[in-house]
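Hello,

Here is the structure we talked about handing over. My notes on it follow below.

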Amino acid sequence: MTTRPGAGFGKTLSGLQGIKSIEDFELKDQRVFIRLDLNVPMSGEAGALEITDDTRIRAALPTVKYALEKGAKVILASHLGRPEKDEDRAKFTLEPVAERLGELLKCEVILIEEPNSDAPKALLSGLKPNQLLLLENLRFDVGETKNAPELANTIASYTDIYINDAFGASHRAHATIDALPKLIAKRGCGFLIKKEIENLSGLLAGPAKPFLAIMGGAKVSDKIKVIEKMIESIDTFMIGGAMSYTFLAAKGLGVGKSRVEKDKIAFARELMERIEARGRKVLLPVDHIVADDFLAPTKIETISGESIPEDRLGLDIGPKTRAMYREEILRAKTVFWNGPMGVFEKPEFAKGSFAVAEALAGLVAKGGISIVGGGDSAAAAEASGFADQMTHISTGGGASLEYLEGAKLPGLEALRTVRESAAPSL
Ligand code: AMP
């Protein structure tokens with residue numbers, strides 16, 4: 001992950017500074033192109049695909065509804081998965097998404113097979129108020145991921161106003177995220193991006209204290225930059241998931257066959273020293289749920305101490321840790337959570353992640369702030385049943401981490417239309 005330069009002006013602008021919102025435009029009868037992230041998980045075979053989680057579709061609705069209510073001619077677009085060849089079209093079609101959008105919006109969704117053509121222009125001229133266009137999976141055109149000017153030019157030829165509401169795709173310089181908005185004078189963000197940036201910027205600007213960061217998931221290496229960025233403002237750093245074994249190993253404790261990143265042990269040791277030197281706390285699991293094997297566990301046990309025996313591997317935090325983490329969460333004012341506490345996809349190892357989600361809901365109930373950083377922690381929050389009680393769950397795992405690391409997101413930079421001197425503050 002690299003820090004990218006700004007879009008040419010306003011290099012020091014951040015957050016939503018210099019970015020217009022959909023509410024700043026007169027939308028009536030205008031052709032409004034809305035880039036969404038409708039990259040939803042699906043199951044089943046080509047021809048009978050089913051959406052297994054429509055969170056991203058529902059998150060996109062406020063902006064689309066607003067545009068329709070204001071009388072815009074709406075063109076929606078998204079990518080889905082990673083199609084590589086023509087034969088992949090049936091597997092990665094947006095057809096099920098078109099159907100679900102039609103149900104939720106109670107309107108006719110016309111799926112455009114070939115966005116890089118004149119077809120949308122012709123259809124838009126006769127579009128009725130209860131109809132909208134959805135472009136077929138943008139990644140069927142190789143120009144999308146290549147940030148190709150040709151694709152951007154064609155879409156620009158049938159777009160009056162460009163709105164980006166695809167937070168989960170805004171860390172990628174793709175044609176409809178980067179090249180296209182730069183061609184459209186009237187450009188801005190939708191309600192989802194606004195909500196994402198306002199919530200994440202709050203963490204960067206100075207979270208209400210005590211500020212607790214909970215990190216888990218598979219790897220330390222994925223999260224080093226965000227940890228580095230937050231280190232000055234963190235009061236307590238709580239670690240779970242596979243990540244915790246690298247930290248336990250750094251303390252010289254036994255981790256058995258658990259997943260450890262050997263080349264990150266030194267980093268983990270240094271990080272703990274830095275945090276503790278500032279008089280802040282690092283919390284690690286004090287007990288574990290372990291098994292004899294990752295893929296086919298036959299023996300699942302609770303280990304009541306910090307050390308894991310040589311022939312076992314840790315797959316979740318244990319009951320004492322759950323209680324300790326719960327108390328600590330309830331003592332905080334702001335919590336950022338990224339990465340599950342265990343292999344939450346399997347019910348035997350989901351208790352730790354669910355306990356964190358429950359405690360975060362408790363924190364919000366007493367006026368605290370809980371921000372969940374997308375990806376697997378969002379999935380764990382969803383599976384726990386407490387998702388709707390979080391302050392904010394980011395819809396973009398990669399995008400939210402990059403934003404919090406301080407990287408410039410191409411999708412945001414391409415939207416800035418106000419020079420630094422004229423920029424309003426966030
Ligand atoms: P990440 O994308 O880095 O947040 O990692 C999420 C993944 O980490 C999930 O698929 C979890 O199953 C996995 N995970 C969490 N805890 C462990 C663990 N103790 N051992 C192996 N994988 C884990």
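First, a term for what follows: two strands pair if DSSP finds at least two bridges between them. Strands (E, at least two residues) and helices (H or I, at least four) are DSSP runs, numbered from the N terminus.

Please keep in mind that this is a predicted model: local features need pLDDT of at least 70, side-chain atom pairs count only at pLDDT 80 or more, and totals for chains, interfaces and linings use all residues. Residues are numbered from 1 along each chain as its sequence is written, and side-chain values use heavy atoms, with hydrogens and water left out.

**Around β16**

Strand β10 (residues 211-215) runs parallel to β16, and five bridges join them. Phe-211 stands opposite Thr-334 in β16. Strand β17 (residues 369-372) also pairs with β16 in the parallel sense, over four bridges. There, Trp-337 has Val-372 of β17 as its bridge partner. From β16 the chain passes through helix α11 (residues 351-365) to β17, and this β-α-β crossover is right-handed. Right-handed means that, with the strands pointing away from the viewer, the path from the first strand over the helix to the second runs clockwise.

Is β16 buried or exposed? Buried means under 20% relative accessible area, exposed over 50%, and partly exposed in between (1.4 Å probe, protein chains only). Five of the five residues of β16 (residues 334-338) are buried, so the strand is largely enclosed by the rest of the structure. Thr-334, Phe-336 and Asn-338 point one way, while Val-335 and Trp-337 point the other way.

β6 runs parallel to strand β7 (residues 131-135), and five bridges join the two. Ile-110 stands opposite Leu-133 in β7.

Another open sheet has three strands, ordered β14-β13-β15, and its pairing is antiparallel. β14 (300-303) and β15 (313-317) are at the edges with a single partner strand each, so one side of each has no neighbour in the sheet. Four bridges join strand β13 (residues 288-291) to β15. Val-290 has Gly-314 of β15 as its bridge partner.

**Rings and a charge**

A search of the whole structure finds three aromatic pairs. The cut-offs: rings of Phe, Tyr and Trp (its six-membered ring) pair if their centres lie within 6.5 Å; planes under 30 degrees apart count as stacked, over 60 as edge-to-face and the rest as tilted.

One of the pairs is Phe-33 with Tyr-162, stacked at 5.7 Å centre to centre with 15° between the planes. It links distant parts of the chain: Phe-33 is in strand β2 (residues 31-35) and Tyr-162 in strand β8 (residues 161-164), 129 residues apart. Phe-33 and Tyr-162 are both buried.

Tyr-66 and Phe-191 form an edge-to-face pair, because their planes are at 85°, with the centres 5.3 Å apart. Tyr-66 is in helix α1 (residues 55-69) and Phe-191 in helix α6 (residues 191-205). Tyr-66 is buried at 16% relative accessible area, whereas Phe-191 is partly exposed at 22%.

Lys-346 lies over the face of Phe-294, 5.5 Å from the ring centre. A charge counts as over a ring if NZ of Lys or CZ of Arg is within 6 Å of the ring centre and within 35 degrees of the ring normal.

Best regards
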